[in-house]
Amino acid sequence: MSVTTADSTSADSPSNDEAQRIKPPLLPPLLRYILIRIGISLLLIWGVTIVTFLLTNLVPTDPVAAILGDRAAADPEIVAQTRERLGLDEPLIVQYFTYLSNLLQGDMGVSNQTRTPVLQSIGQVFPASIELGIGAILISVIIGLMLGLASALNQNRFLDHAIRTLSLIGISAPTFWIAAVGYYVFFFKLRVVPGAGRLDPWLQPPPRVTGLYTVDSLLAGQMSTFVNAFGHLILPSCVLALFTIGLLTRFSRSSVLDIIRLDYVTAAKAKGLPARTVIFKYIFRGALVPIITVVGLAFGSLLSGAVLTETVFAWNGLGQYAFRGATTLDLPVIMGVGLVIGVVYILVNFIVDLIYGFVDPRVRVR
Amino acid sequence: MKVRLPRRALAIGSALALTFGLAACSGGDKGGGESGDTIVAETAFNLKTIDPHRQFEFTGSTIDNAIYQTALKFKDGDLTKPTDGLCSYELSDNDKKMTLTLKEKDAKFSNGDPVTVDDIVFSFKRLQGLKGNPSFFLDGVTVKKVDDESLELISKSPNPALPYILPNSSIGIVNSKVVKENDGSTDADDGAEAFLNENSQGSGPYKVDTYNADSKVVLTANEHYNGPEPKFKRVVLRNVAAETQLTDIQSGQAQVAFDLNADQVKSIDESMGEISSLPSTRSLYIFNNTDEKIGGPAADPNFRKAVMSAIDYDKLIDLAGEGSQRMASLVPNEFIGAVDKDKAPERDLEKTKKLLKKAGYNGEKIPFHYSSDQAVNGVDLAQLAQTLQAQLKEADINLALKPAPSSTQLDGFRSAKQPMGIGTWGADFPDPTNYNVFTPGGSVAERVNWAKDADPKLAKLAKTAGKAKGEDRDAAYAKLFQATTDTGVWIPLVQPVSTIAVGSSISKYVSNADVSFDFAKAE
């Protein structure tokens, strides 16, 4: 029966036979994978422009009054002129396309409050947040992964419970409070870190190359400025890292516990390989792939969520810039920051996807 | 499973620890910089610009006070007596013509150019022509050069407030020649703002060195200043939150902090800093919409008076901190035209009960609007609203709190659609005419639908006050604003206190209601 069926199929449909033959793909799987991801990312960025534009423009308040202030806003003629100058008298759809067209030419508009181009301001504050974000992510990855690993390897023992409790505190403690207490204890009481800001106020920033004071001071050979900038980075980075440390600890613990039970780990142990080799080459490496996602997303959230930390430490980065834009209803600033943060998230996801594609071949042919 | 850290990890760990240790030691490292000739001042920025003819906020004003000289000034912070600045002045009998004569003939701008009458005329005209927020200062005034020594300001109607207006830092005198060369003009086409932000053109003790509206403004001494050379050659004004300002003052990281509230001030030890307390020129009040459709019970005069007598003002003073004052009207106690604070409303719950009965109020909830993100001289408006809600509840008056961010709240207030809420007013200049906006038909009165013809008695008092001269003005305006308070449309709550914390590294300083902190006079 089964033979007959097979025979008849093969005899009756030669075209199907042809279809079943595997055609060589037009593009190599990895390249195809990358192009699809780029396409998705561009679509997402376009989506972000629509969302930020709509959300910002649907706020039930008049930005013109916020821009002009009480006195000037009392004059209808000045209000009308300002509305016209800012293009706010146009229909929303026209405003959106003007915004998009300007954006494609690299113009994010001018801050209504400070009259400074938004792109220029973001260019100034973004490196500050990047520097803080990198510091925080380095601390988080080192401590979070080590604690997660130690916790998993000591499952249900005292150390495990202690680490899990600590990670819970890290996740749930309010950042603003931690920052204020940290500043008081480590700067004011113990004097082991310098005060707020990115440099001591009487110091000149190093000549700008990257905007990262630690890097630029090294490039300029200004060691004392480097030490000062690095010192200022420590406490805010640690405060900002606390949440991510908690997150990474819990995630890496569960990831390691998943791997530790797999057959190849048991086999490695059975072969008598040293514990260190089993842990770092078999367990940890296996657990690392899903952790990459968390690290990537954490970096994005560090950049966007640093508002409170930046406020306490007078760290004039993207967070503070966004806060000021929001409180003064500075629409170009709000849209600019929203877009930048959105793009960072999309880029991080894109990079994580790429890493997956490289590391795990199954992903790219899915 | 026992784990030993690999040697590589140990080496990396040690290197990191060493670097962290080194960096931590940099707490006291000056990094090759000089801190002795620098004042570090901290405030939460509300900076838009330092172009004097456009700025209208505290931060810009603080900076421009140090950069620009003005035609007139208040000597030693006495806001009741304007005195000579760059010019001396004379006001005609009908208060319509003011003649300014250049007095400081050796005054020089930061590039060495002398200050001339042409610069003063240009500055006044530019302020008017830009149609910006402070342009109203010289509304209805014609500016005319007489000769190289003097100029005239002709007002359409009597303008006795003009001498009180001219000391404002928004009317700072700029170097007209340089400003014109950099797209400056006396009309709305002026394009010199960006230039003036980065290259100030004043004749004050300082000039701008670095300008960043988001983070920091650095000033350096103006070598051509005709007054005494400032002891501190640099001023660094940083954008710092109030919580951090407190720690920075206590640690010596900063020398001046502008935004501490009453509780924070209490925590400063004498050895770490000193507090300079000045009466604030801001007023906090409750507004009541007079339109019944919008205000509901708040539109009823009896209800408004009931609210006025239900408030425990002593507790509001405690909330605002030591040095804050009771107010009998919205005019600050130090201004002419202020109502004696002994006449301020008192709590009387029996009276409240009777008035509520008269008003027919049955405990319905009244939306109460305020800015949830704003503090005025350290008085948190959210906290004030909650306190008022609790106090009025004791008199069976129910407020439904409606917090909103400042921009949204102000928008609602401006559109005259809020029944009741907390308002704030900062004096633009220390003269009672600045409070005419609160009398019927005034620009702020319109926000509570209080029309010009709503109260003939007030209209008559306003007319009399407008005509009063010299010392009579004080009494006439006090009468007007006492009557304005009696209506209960505005319920004055408290005049807060402006506190400035000064670090112990500064031994001598001048701080007054005019310039808040004088960087040039600090030692």
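Reader: How far apart are the end C-alpha atoms of residues 88-435 of chain B, and how much of the span is helix and strand?

Author: The end C-alpha atoms of residues 88-435 of chain B lie 27 Å apart, and the span is 28% helix and 23% strand, where helices (H or I, at least four residues) and strands (E, at least two) are DSSP runs, numbered from the N terminus. This is a predicted model, in which local features need pLDDT of at least 70 and side-chain atom pairs count only at pLDDT 80 or more, while totals for chains, interfaces and linings use all residues. Residues are numbered from 1 along each chain as its sequence is written, chains are lettered from A and ligands numbered from 1 in the order in which they are written, and side-chain values use heavy atoms, with hydrogens and water left out.

Reader: What does UniProt call residues 88-435 of chain B?

Author: An unreviewed UniProt entry annotates them as "domain: Solute-binding protein family"; UniProt positions are given in the numbering used here, feature names are shortened, and annotations may be inferred rather than shown by experiment.

Reader: And in what order do the strands of the open sheet in chain B run?

Author: Seven strands of chain B form this open sheet in the order 8-9-10-1-11-20-12, with mixed pairing, and two strands pair if DSSP finds at least two bridges between them.

Reader: Why is one side of strand 8 and of strand 12 in chain B left without a neighbour in the sheet?

Author: Strand 8 (206-212) and strand 12 (273-279) of chain B stand at the edges and each has a single partner strand, so one side of each has no neighbour in the sheet.

Reader: OK, how do strands 11 and 20 of chain B pair?

Author: Strand 11 (residues 256-257) and strand 20 (residues 497-503) of chain B pair in the antiparallel sense over two bridges, and Ala257(B) has Ala501(B) as its bridge partner in strand 20.

Reader: Switching to chain A, how many helices and strands are there?

Author: Chain A has 17 helices and zero strands. The "transmembrane region" annotation, from an unreviewed UniProt entry, covers several spans of chain A, including residues 30-55, a span that is 100% helix with its end C-alpha atoms 37 Å apart.

Reader: How many residues of chain A are in contact with chain B?

Author: 56 residues of chain A are in contact with 61 residues of chain B, contact meaning heavy atoms within 4.5 Å.

Reader: Which side chains meet in a salt bridge there?

Author: The count between chain A and chain B is one salt bridge, in which the side chains of Asp214(B) and Arg324(A) meet at 3.0 Å, N to O; the term stands for a side-chain nitrogen of Lys or Arg within 4 Å of a carboxyl oxygen of Asp or Glu.
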